[in-house]
Amino acid sequence: NKCTRSTEQLDLIVGFNGGPLQHFNPITKSCIAVYNADHYIDATDVTCVRWVPGSETQFVSSHRSGHLYIWTTEYPYKSSNMPSYHIHKRITDTIIQICKPKNRFPLIYRWAIGHGAVQHFDFSPDTDH
């Protein structure tokens, strides 16, 4: 994460087959958090992960299921606190859903885009889009 990196810290998020994401610091070799290890949010392979430009806490993951998820590192992942989803916006083949957990949860939005896997995504160079 460009916003949080220093000589002591480098925040990395790595996605794995089957859906888990790991937040770790390779400098200190410490695992900060693991998201979706239980596969409750999405059990398909993670295809791409990016930090949201300008954010210290938000990142986006895409999966073979065709979903993109916007996460925050501010709250711990607890499988006992699974969110429900409510449609926020619907545009042609895209559905944006807001996650409504019972308590604080690290997932903010789920986007369903078209039909099929999302292989890659990126932000514009000016970081506005």
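Colleague: Tryptophan 71 and tyrosine 77: buried or exposed?

Modeller: Both tryptophan 71 and tyrosine 77 are buried, where buried means under 20% relative accessible area, exposed over 50% and partly exposed in between, for a 1.4 Å probe and protein chains only. The model is predicted, so to speak of local features requires pLDDT of at least 70 and side-chain atom pairs count only at pLDDT 80 or more, while totals for chains, interfaces and linings use all residues. Residues are numbered from 1 along each chain as its sequence is written, and side-chain values use heavy atoms, with hydrogens and water left out.

Colleague: How many aromatic pairs are there in the whole structure?

Modeller: The search finds six. Rings of Phe, Tyr and Trp (its six-membered ring) pair if their centres lie within 6.5 Å; planes under 30 degrees apart count as stacked, over 60 as edge-to-face and the rest as tilted.

Colleague: Why does the pair of phenylalanine 59 and tryptophan 71 count as stacked?

Modeller: The ring planes of phenylalanine 59 and tryptophan 71 meet at 5 degrees, with the centres 6.0 Å apart, so the pair is stacked. Phenylalanine 59 belongs to strand S5 (residues 58-63) and tryptophan 71 to strand S6 (residues 67-72), twelve residues apart. Strands are DSSP runs of E, at least two residues, numbered from the N terminus.

Colleague: And which aromatic pair do tryptophan 71 and tyrosine 77 form?

Modeller: A tilted one, with 6.5 Å from centre to centre and 45 degrees between the planes. Tyr35, Trp51, Phe59, Tyr69, Trp71 and Tyr77 form one aromatic cluster.

Colleague: Changing topic, what is the strand order in the open sheet of three strands?

Modeller: The order is S1-S2-S3, paired antiparallel; two strands pair if DSSP finds at least two bridges between them. Strands S1 (12-15) and S3 (30-35) each have a single partner strand, so one side of each lacks a neighbour in the sheet.

Colleague: How many bridges join S1 to S2?

Modeller: Four bridges join S1 to S2 (residues 21-25). Valine 14 has glutamine 22 in S2 as its bridge partner.

Colleague: Where is asparagine 25 found?

Modeller: Asparagine 25 lies in strand S2 and, at 5% relative accessibility, is buried. Its side chain reaches the backbone oxygen of glutamate 8 at 3.3 Å.

Colleague: Which side chain does asparagine 25 join in a polar contact of 3.4 Å?

Modeller: That of threonine 28. A polar contact is a pair of N or O atoms within 3.5 Å; within protein, one must be able to donate a hydrogen and the other to accept it, and residues adjacent in sequence count only if both atoms are side-chain atoms.
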